[in-house]
Number of protein chains: 2
Amino acid sequence: MDTRPRPPSSAEPTGSARHAAAGSPKRAQHGGCEGCLARPLAICASIPAAETHALEAVAGEVLLPVGATLASQGDPRREVYTITRGMLRRVRLLPDGRRLVAGFLMVGDFIGFSGAPHYRHTLEAVTDCVLCAFPLQSMRSLCQRYPDLESGMLAQACSELDATRGSLMMLARLGPGERLAGFLVELGERQQQRGGAAHHVDLPMTRADIADHLGLTIETVSRSFTKLRQSGAIAFEDPRRIDLVDVAALRSAAGL
Amino acid sequence: MDTRPRPPSSAEPTGSARHAAAGSPKRAQHGGCEGCLARPLAICASIPAAETHALEAVAGEVLLPVGATLASQGDPRREVYTITRGMLRRVRLLPDGRRLVAGFLMVGDFIGFSGAPHYRHTLEAVTDCVLCAFPLQSMRSLCQRYPDLESGMLAQACSELDATRGSLMMLARLGPGERLAGFLVELGERQQQRGGAAHHVDLPMTRADIADHLGLTIETVSRSFTKLRQSGAIAFEDPRRIDLVDVAALRSAAGL
DNA sequence: CGCCGATTTGACGCCCCTCAACGGTCGTGG
DNA sequence: CCACGACCGTTGAGGGGCGTCAAATCGGCG
């Protein structure tokens with residue numbers, strides 16, 4: 001009765017990569033919190049440096065090659081994760097193939113804020129990733145032992161809620177160009193927090209990922225890119241590497 | 001450059017109600033947790049019944065008449081709330097008047113999951129409301145004293161995150177009829193948890209509120225209602241009181 | 001009864017989705 | 001080395017759905 005989907009939707013069916021067939025997750029031993037680049041960004045920082053052994057004792061390391069899936073929609077939730085390297089996407093699929101990318105997850109982000117016993121999203125690696133894995137049960141006991149950890153998680157969950165509510169406005173009331181502007185600004189800020197250059201955004205994800213994140217089609221995303229470029233707000237030669245020329249204009253377009 | 005808004009947007013400019021000019025919030029003394037209808041639904045339940053005096057000691061009661069605003073976008077956040085009676089809407093306004101209703105808040109819901117120091121939304125009473133107010137600072141100390149309270153809040157924040165992510169899919173990829181179907185089902189379930197009749201939904205909010213919640217216009221919402229009615233999925237005479245005739249159809253339309 | 005707001009319905013137009021084609025890059029294999 | 005295919009991104013043409021504008025109906029309240 002309503003919006004019709006496109007036949008088989010867009011991106012790959014989880015396991016049909018280029019040639020080597022998108023490897024699967026591999027387990028490894030935890031490398032230690034000391035030199036961890038993600039630690040200052042992650043909830044792990046809620047535990048004092050002197051006590052990281054408690055984390056290391058229960059943590060495992062997961063290596064996730066590009067295109068691999070960490071967990072699938074419907075799987076039981078047994079672990080939570082902190083991202084140490086790389087980028088993931090959080091994908092939800094409708095039975096008819098319509099696809100939503102509910103978010104992109106970057107270094108320091110926490111995976112596991114959910115009350116559901118099963119995953120409501122599939123988690124796929126946009127780039128090669130490394131994650132710290134914690135059994136759900138261990139995380140619960142750690143929270144009891146270190147109340148600051150639980151406060152930290154609550155705070156983090158609240159900011160994620162803030163961010164998600166921001167996306168609501170974007171999807172409900174902004175036009176394509178405005179959505180894209182907001183997306184670029186936000187991604188740029190997150191990359192800057194992680195040591196990226198200001199006024200520069202790297203886009204490891206495809207246009208299809210962006211489209212499914214913004215509730216648009218690939219074509220409309222592409223057209224919006226060229227319009228933003230023509231307007232002088234952004235510049236790029238490599239479509240995966242964007243210059244934010246006029247951040248103020250981008251921000252105001254996105255209602256920020 | 002993009003979607004153009006309608007001149008002055010839809011609903012009232014916060015204070016121009018029917019005739020009596022939408023009263024303002026009134027303070028009262030807290031009535032006690034014992035007979036509180038919201039308690040079993042709210043995070044307050046994380047504190048044992050024998051200890052409710054700790055809550056009562058710091059709580060205040062707020063009476064909010066229809067149309068009144070509890071807090072405005074940009075105000076500093078000083079308190080958090082639990083809803084005891086009535087319904088509120090969480091509204092965000094863009095400078096040009098575009099409006100989003102980020103959610104409807106009902107009895108037992110908690111207001112205050114945010115990391116921001118200022119409100120990012122305006123909170124307006126859809127019906128007459130009663131709320132329990134807790135100073136932010138008191139809530140923090142309560143969390144230290146009662147770790148279960150903090151766990152409860154984390155759990156609640158996680159379910160809200162789940163719900164908000166569900167809205168993302170709705171806004172990004174569902175058509176008008178599907179969005180409305182999902183909205184009705186979800187609201188029906190929440191009302192049922194609160195003692196409402198199954199297969200019946202009360203809509204205290206206007207079509208404009210629904211439209212701004214679903215990212216549509218009033219007219220499209222209205223047309224979607226009549227289409228759902230013609231399809232036999234719902235029935236109604238009073239537009240504010242909807243019969244859910246075929247819940248299965250509604251659920252599957254919404255991708256649930 | 002008259003006014004006002006809420007809801008519904010109709011006519012029309014624009015924006016975005018759909019369908020299609022093209023160019024560029026990369027990796028493979030002849 | 002170059003031909004080839006796969007994937008990605010871009011651009012153009014066309015159609016449909018939802019927003020826009022307009023008007024009618026209904027109910028509540030003064």
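His199(A) is partly exposed, with 44% relative accessible area (buried is under 20%, exposed over 50%, partly exposed in between, with a 1.4 Å probe and protein chains only). His199(A) also has a positive phi of about 60° although it is not a glycine. The model is predicted: local features need pLDDT of at least 70, side-chain atom pairs count only at pLDDT 80 or more, and totals for chains, interfaces and linings use all residues. Residues are numbered from 1 along each chain as its sequence is written, chains are lettered from A and ligands numbered from 1 in the order in which they are written, and side-chain values use heavy atoms, with hydrogens and water left out.

- His199(A) sits in the loop between α4 and β10 (200–202) of chain A (helices, H or I of at least four residues, and strands, E of at least two, are DSSP runs numbered from the N terminus).
- In chain B, His199(B) lies in the loop between α4 and β10 (200–202), and its phi is near 60°, again positive in a residue other than glycine.
- His199(B) counts as partly exposed, at 47% relative accessibility.

- The UniProt annotation "domain: HTH crp-type", from an unreviewed entry, covers residues 174–248 of chain A (positions are in the numbering used here, feature names are shortened, and annotations may be inferred rather than shown by experiment).
- The end C-alpha atoms of residues 174–248 of chain A lie 17 Å apart, and the span is 55% helix and 12% strand.
- The axes of α4 (176–193) and α6 (218–230) of chain A come within 9 Å and cross at roughly 75° (axes are lines fitted to C-alpha atoms, for helices over the stretch in contact, and angles run from 0 to 180 degrees between N-to-C directions).
- α4(A) and α6(A) are therefore roughly perpendicular (65 to 115 degrees; under 35 is roughly parallel, over 145 roughly antiparallel, the rest oblique).
- Residues making this contact include Leu180(A) and Leu184(A) of α4(A) and Phe225(A) and Leu228(A) of α6(A) (contact means heavy atoms within 4.5 Å).

**Helix α5 of chain B**
- In α5 (207–214) of chain B, 8 of the 8 residues are buried, so the helix is largely enclosed by the rest of the structure.
- The buried residues of α5(B) pack against α3 (147–173) of chain A, and against β5, β6, α3, α4 and α6 of chain B.
- Asp209(B) forms a salt bridge with Arg99(B), the closest N and O atoms being 2.8 Å apart (a side-chain nitrogen of Lys or Arg within 4 Å of a carboxyl oxygen of Asp or Glu).
- Arg99(B) lies in β6 and Asp209(B) in α5 of chain B, so the pair ties together parts 110 residues apart in sequence.
- Arg99(B) is buried at 6% relative accessible area, and Asp209(B) is buried at 2%.

**Other charged residues**
- The whole structure holds 30 salt bridges over all chains.
- Asp109(A) and Arg190(A) meet in a salt bridge at 2.9 Å, N to O.
- Arg89(A), Arg99(A), Glu124(A), Asp209(A), Asp212(A) and Arg173(B) are linked in a network of salt bridges.
- Glu61(B) is buried yet has no salt bridge; the nearest side chain of opposite charge, Arg85(B), is 8.8 Å away (Lys and Arg count as positive, Asp and Glu as negative; His and the chain ends are not counted).
- Glu61(B) lies in strand β2 (60–64) of chain B, and the residues it touches include Lys26(B) and Arg27(B).

Note on methods:
Lists of a residue's contacts leave out its neighbours within four places in sequence.
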